[in-house]
Amino acid sequence: MSESLAARIRTRLQALDDDGLLRTLRAPSGIDLSSNDYLGLANHPHVKDRMMAAVAREGAGSTGSRLLRGERDGFAAIEQRFAGFKGTGRSLYFSSGYLANLGVLTTFPEPDDVILSDERNHASLIDGIRLSPARREIFAHNDASAVRRALDETRGAGERFLVVESLFSMDGDEAPLKVYAALCRAAGAHLIVDEAHAVGVYGAKGSGLIEQHGIDEDVFLSVNTAGKALGVAGAFVAGPEWAIDYLIQRARPFVFSTAPPPSVAAALDASLDLIEREPQRRTALLDRARALRLRLTAAGVPLPGGSSQILPVLLGDNDRAMAVADALQADGFDVRAIRPPTVPPGTARLRISVNVHLTDELMERFVTALVAALVATGFAATMATKTV
Ligand SMILES: Cc1ncc(COP(=O)(O)O)c(C=O)c1O
């Protein structure tokens, strides 16, 4: 046993603790204001029943990779259904969104290519880009002029890829997708959109912000996580037939990993039933989010603009963010502090995520508890005076 390694790691852990950055694992307790189960599907009886019936029929595990004995008719069927839902030629299911992003970004860009990436992109996109052999250009968050410039400057390079989230996970704001679509079309660049927090929530069919903005034709690939609004797990990469064919050959997280349990395909089929049949869920979600924004703003809690179900309350300091989250948890609200490196240094925050189960009465109680926690931690001094 290497004592020197253990000593080094203890120093590293202590440094994290000193900086207010030590994480602990905490099971959910209290009213959910932090999960990504926006539509309340993770516990929906239709989804659970279909999943349990599939376990009984097909077993617990898939026993091999999709290219070997792990393939099942259920995967092919759900991929076909999801492609129809998304309006693309085909889709491919990965066991997580993280792996889907790694798969996409390490498969298509080659050494002479350039990847343009928003500075606030999710870690899975960043890691995929780091693993890819292409050159990377990071641009300021949601800065379409910077993208335009970068596309001009990289003319003559190999293929260009623009990689963004449609709804940013920690800021809750939208990318200017329509502008990006036009820029990519004009420049012959390829738009890759991570719809992790938008799929199931936006668009008339509920397939996401690509649908809502009508830019399907201008998107090369979308990555659609299935463990958030869809309530299950995994992610679908949706795009043209030839691209999906190539992912099956080359995406290492797909090829070299055991297929997900077959039952997730059945559960996802049930989720899509609900998303298609019950559009009122997404309307109710966005209504709830709007109502909470109004209440928080009226109470003087500073929120960035936007209208999504993700509401960040920027607190800056790591320890303060933890103290406010702890106080809310003690009051029975499951709100989590988000700290670097998940968000840039100095921008620790509460990430409040709304779901369909949030009632008016709970909102009222939550706003009161949040304001009290902000006052107790001294943050309220910087809020509008009427609150304090
Ligand atoms: C924008 C974004 N992309 C990808 C992922 C990864 O998805 P998964 O949790 O399925 O690995 C997440 C989840 O945190 C995310 O927020």
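**Buried aromatic residues, nonpolar cores and salt bridges**

Phe-75 has a relative accessible area of 0% and is therefore classed as buried, a term that denotes under 20% relative accessible area, with exposed standing for over 50% and partly exposed for values in between (1.4 Å probe, protein chains only). The model is a predicted one, in which local features need pLDDT of at least 70 and side-chain atom pairs count only at pLDDT 80 or more, whereas totals for chains, interfaces and linings use all residues. Residues are numbered from 1 along each chain as its sequence is written, and side-chain values use heavy atoms, with hydrogens and water left out.

Aromatic pairs were considered next. Rings of Phe, Tyr and Trp (its six-membered ring) are paired if their centres lie within 6.5 Å, and planes under 30 degrees apart count as stacked, over 60 as edge-to-face and the rest as tilted. By this rule, 11 aromatic pairs are counted. The ring centres of Phe-75 and Tyr-93 lie 6.4 Å apart with their planes at 20 degrees, so this pair is stacked. Distant parts of the chain are linked by the pair, since Phe-75 belongs to helix H3 (residues 73-86) and Tyr-93 to strand S2 (residues 90-94), 18 residues apart; helices (H or I, at least four residues) and strands (E, at least two) are DSSP runs, numbered from the N terminus. Tyr-93 is buried as well, at a relative accessible area of 2%. Phe-220 and Trp-242 likewise form a stacked aromatic pair, with 5.7 Å from centre to centre and 20 degrees between the planes. Here Phe-220 lies in strand S7 (residues 219-225) and Trp-242 in helix H9 (residues 241-250), 22 residues apart, and the pair links distant parts of the chain. Phe-220 is buried, with a relative accessible area of 11%, whereas Trp-242 is exposed, with 56%. Ring pairs also join Phe-75, Phe-82, Phe-85, Tyr-93 and Phe-236 into a cluster.

Glu-79 lies in helix H3 and is buried, with a relative accessible area of 8%.

With regard to the nonpolar interior, a nonpolar core is defined as a set of buried Ala, Val, Leu, Ile, Met, Phe, Trp, Tyr and Cys residues joined through side-chain atoms within 4.5 Å. The largest such core has 89 residues, and those with the most contacts inside it are Tyr-180, Leu-292, Leu-350, Ile-352 and Leu-370. Helix H14 (residues 360-376) gives the most to this core, contributing 9 residues. Not counting residues up to four places away in sequence, Leu-370 touches Leu-296, Val-301, Val-324, Leu-328, Leu-350 and Ile-352. A second, separate core of 25 residues includes Phe-220, Ile-244, Ala-251 and Phe-254.

The structure holds 26 salt bridges, each being a side-chain nitrogen of Lys or Arg within 4 Å of a carboxyl oxygen of Asp or Glu. In one of them, Asp-273 is paired with Arg-50, the closest N and O atoms being 3.8 Å apart. Asp-273 is located in helix H11 (residues 263-277) and Arg-50 in helix H2 (residues 45-58), so the pair ties together parts that are 223 residues apart in sequence. Asp-273 counts as buried at 12% relative accessibility, while Arg-50, at 29%, counts as partly exposed. Both residues belong to a network of salt bridges that also links Arg-81, Asp-269, Glu-276 and Arg-277.

A salt bridge between Arg-295 and Glu-364 has its closest N and O atoms 2.7 Å apart. Arg-295 lies in helix H12 (residues 280-298) and Glu-364 in helix H14, so parts that are 69 residues apart in sequence are tied together by the pair. Arg-295 is partly exposed, with a relative accessible area of 26%, and Glu-364 is also partly exposed, at 46%. Asp-127 and Arg-130, in turn, form a salt bridge in which the closest N and O atoms are 3.9 Å apart; both lie in helix H5 (residues 123-131), 3 residues apart, about one turn of the helix. Asp-127 is partly exposed, with a relative accessible area of 21%, whereas Arg-130 counts as exposed at 56%.

Notes. Contact means heavy atoms within 4.5 Å.
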